[in-house]
Amino acid sequence: MPYLHFDIDQFWLQQPNSGRRIFYTPPKENFKDFINWVLISQRETKLAKFLLCVAPDDYFDKMEVLRWIHAATRRNVQEIVLEFTLCEPLELPICLATCESLQVLKLNLPDNILKLPNHFGFRQLKLLHLEDVQLSDKHSPNCFISKCHQLKSLILHECGLGAMTLLSIDSISLSSVTIIADYYQLDEYGKCKLKISCPNLKFLNYEAPIPKDIIIENLLSIEDVSIVVTIIQDTEIFVHKMIKEVSSTSALTLCNYSILGMYKATSKGSLSLVSFYKLKTLKLYARVDGDFMQAMILLLKYSPNLEVLQLWCLQYNGGNRMHDLDESVGCLESHLKSIHLTNFNGEENEIKLLKFFLKNAPVLEKLTIFWVEYPDKLEEALEEVLKFPRTSSQVVLTFLDAKPKPRSRKWYDR
């Protein structure tokens, strides 16, 4: 058994009771005894994955946890996933750093400060996933990241920055960086500078509050960039600093705040938008109104070789009305072949957007519309769309049924 998955949420015992079996969560001591028994009985088996997940209110003794980690590393484990709560900061043990087989490390330590080692180690580590971990200047991840010479993917998900003044991601090996944080971490990010310098980085996903300052450099291999900010204030300079350093990307994703911030900066004349000559796919999450239309056209003009446009329409809530536009846009006339409109409500502004695409994109091969369930507006919207002679060969209408959302996966499976 090379995969050992110890999750207390899935650790059930069954007791017979009047002919029926009743399931209940056993005491914490039973869970500990079971882990010890398995690790002792399979000491010779090599481990592909060791997962330990316990409830946040079950505080485990630090020495017990370290003993289990040490047992896993002795069996040449390739992936370690840990989720637990300790009463004191956790310093990653030497056995993890010196484990030559370890390639994946995922840590979820609610309310715990993580002490990352500054000594050389983790020679084969390729993926580091930190979630709900408290970082600090005293135990900064900056040096740790730069010394993991095989690290390919870094994920920081809802990690607290505390009093950190600089978060530096400086690596010659990283190809993927994901930073995700919630709105409640606004103050921590607002006091910390962010620096990203990764010459081999291909994928950058930023979904977090705006930091105090951002420095992006040496992104020579970037291919896919996503910028999703959680607040609209002060987005102009932040978004401009990011996109001007990733102008060679082939895929770009922007949220509503990012789009408006970029448009405000350029329309005022204070900042100039760079050209995205290599951009092939543009994905926008935005409210369809007059301001968005102007910003989208500006983006399209600076993306002369764009082939795919994906637009997720956010709920319309009284934004500016969109005017009928008949404007020459290079990529629409020569390159744009596919448009995907998702969460389409059939609102007046959305119909005008459809008309604009059908009228000004002569090389368009496929226009796919994913409708939401509004039967009262559906027939009216269809009549407007079908008035265009090119519709019959170029528009694919997909109707979405109201289906229950799938259960979210565990954090360690994301």
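Helix H8 (residues 290-301) packs against helix H10 (residues 348-360) at an angle of about 25 degrees, with the two axes 12 Å apart. That angle makes H8 roughly parallel to H10; angles under 35 degrees count as roughly parallel, over 145 as roughly antiparallel, 65 to 115 as roughly perpendicular and the rest as oblique. The crossing of H8 and H10 is right-handed. A crossing has this hand if the near helix is turned clockwise from the far one by less than a right angle, and is left-handed if anticlockwise. Met293, Met296 and Ile297 of H8 meet Leu353, Phe356 and Phe357 of H10, where contact means heavy atoms within 4.5 Å. The residues of this contact divide into 6 nonpolar, no polar and no charged.

The model is predicted: local features need pLDDT of at least 70, side-chain atom pairs count only at pLDDT 80 or more, and totals for chains, interfaces and linings use all residues. Residues are numbered from 1 along each chain as its sequence is written, and side-chain values use heavy atoms, with hydrogens and water left out.

Helices (H or I, at least four residues) are DSSP runs numbered from the N terminus. Axes are lines fitted to C-alpha atoms over the stretch in contact, and angles run from 0 to 180 degrees between N-to-C directions.

## Other helix pairs

Helix H7 (residues 256-267) and H8 pack at about 75 degrees, with axes 9 Å apart. That makes H7 roughly perpendicular to H8. On the H7 side the contact is made by Ile259, Leu260, Met262, Tyr263 and Thr266, and on the H8 side by Asp291, Phe292, Gln294, Ala295, Leu298 and Leu299. By class, this contact has 8 nonpolar, 2 polar and 1 charged residues; Ala, Val, Leu, Ile, Met, Phe, Trp, Tyr, Cys and Pro count as nonpolar, Asp, Glu, Lys and Arg as charged, and the others, Gly among them, as polar.

The axes of H1 and H2 come within 11 Å and cross at roughly 25 degrees. That makes H1 roughly parallel to H2. Their crossing is left-handed. Lys32, Ile35, Asn36 and Leu39 of H1 meet Glu64, Trp68 and Ala71 of H2. This contact has 4 nonpolar, 1 polar and 2 charged residues.

## Pocket and cavities

On a 1 Å grid over the protein atoms alone, a cavity is a set of points where a 1.4 Å probe fits but cannot get out, while a pocket is an open set with protein on both sides within 12 Å along at least five of seven lines; lining residues have an atom within 4 Å of a point. Grid points are joined across faces, edges and corners, and a volume is the space filled by probe spheres set on the points.

| Space | Volume | Lining by class |
|---|---|---|
| Largest pocket | About 280 Å³ | 4 nonpolar, 2 polar, 4 charged |
| Largest cavity | About 40 Å³ | 7 nonpolar, no polar, 1 charged |

The largest pocket is lined by Asn36, Leu39, Ile40, Arg43, Arg67, Trp68, His70, Ala71, Arg74 and Arg75. Helix H1 (28-41) and helix H2 (62-73) each supply at least two residues of that lining, and H2 gives the largest share, 4 residues.

There are 3 cavities of 30 Å³ or more. Lining the largest cavity are Leu161, Leu167, Tyr189, Cys192, Lys193, Leu194, Tyr206 and Pro211.
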